[in-house]
Amino acid sequence: MDLGLKGKIAIVTGGSKGIGRSIALALVQEGANVAICARGKEALKKTENELIQMGGKVYAQPCDIGDTDQLNLFLDNVKDRFGKIDILVNNVSALSLGDDFEDWNNSLNIDVLASVKATRRVIPWMKETGEGCILFISSISGLESGSPPAYAASKAALISYSKTLAVHLASSNIRVNTIAPGSIEFSGGVWESTKKNNRDFYDMVVNSIPFGRMGRPDEIGKVAAFLVSPCASWVTGTCLSVDGGQHKSNL
């Protein structure tokens, strides 16, 4: 299926590993040109090469998005290189899974504020071209209780912010949505580590998923590509759970 993304310019923060990498791969596969950033230079370069081999025009820059100056420099460089921004995927997470002040500070600074800053930076550029798509990667932890408090609160904030932003930006032809992934396992990720170091907890979580397995990053990437594409032109203000039925509440 052609999603109509050929030639679109997309930014994916935290695009070197896991979900972010898979979103970038899915976008390039659909013909988009992609800019990615991440703190780790080695993984960033590896993913950049993968994307280039797929035929996409790619820009990659090491960046700690918690640093406003670094974030703005990255975004400005993307705009200068491609001339416009059609899609912004706010994917980066601090993954602070505790309840100490440091966990709250990291979660709010990286998951929430960095996403807000990136969004506010690109909105005027999207308004210039008369359209755009913004996608936040939240979590089912933001939809129900039981997860680490700082992480869950930050993910809930993204869902709320996305919904409000969608209403405010609709008249500018800019769509805003959120994906709430369930437990996603990939090399170097938290669930791979949990499988090795806390197998009982890992098995308990797997058993809570109706499909009986963890999700894959590409399963998020494909949904993300659809949501930012013209095929989803009437979808905005939506939080879509992509979790194999792991999240079970009615809302």
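Phe 136 stands opposite Thr 178 in β6. I start with that pair because helices (H or I, at least four residues) and strands (E, at least two) are DSSP runs, numbered from the N terminus, and such labels will come up throughout.

The model is predicted: local features need pLDDT of at least 70, side-chain atom pairs count only at pLDDT 80 or more, and totals for chains, interfaces and linings use all residues. Residues are numbered from 1 along each chain as its sequence is written, and side-chain values use heavy atoms, with hydrogens and water left out.

Now to β5, residues 132–137. Is this strand mostly covered or mostly open? It is mostly covered, with six of its six residues buried, where buried means under 20% relative accessible area, exposed means over 50%, and partly exposed lies in between (1.4 Å probe, protein chains only). On one side sit Gly 132, Ile 134 and Phe 136, and on the other Cys 133, Leu 135 and Ile 137, so that both faces are covered, by the buried definition.

Which strands does β5 pair with? Two strands pair if DSSP finds at least two bridges between them. β5 runs parallel to β6, and six bridges join the two. β5 also pairs with β4 (residues 87–90) in the parallel sense, over four bridges.

β4, helix α4 (residues 101–129) and β5 form a β-α-β unit that is right-handed; in other words, with the strands pointing away from the viewer, the path from the first strand over the helix to the second runs clockwise.

β2 (residues 33–38) runs parallel to β3, with five bridges between them. Val 34 is found opposite Val 58 in β3. As for β3 itself (residues 58–62), four of its five residues are buried, so by definition the strand is mostly covered.

Where is Gly 56? Its place is the loop between α2 and β3. Gly 56 counts as buried because its relative accessibility is 13%. Leaving aside residues up to four places away in sequence, Gly 56 touches Val 28, Asn 33 and Leu 51; contact means heavy atoms within 4.5 Å. Phe 211 is 155 residues from Gly 56 along the chain, and their C-alpha atoms are separated by 34 Å.

The other two concern phi. Most residues other than glycine have a negative phi. Leu 95 is not a glycine, yet has a positive phi of about 50°. Leu 95 lies in the loop between β4 and α4, and counts as partly exposed because its relative accessible area is 44%. Asn 173 is not a glycine either, and has a positive phi of about 65°. The loop between α5 and β6 holds Asn 173, which is partly exposed, with a relative accessible area of 46%.
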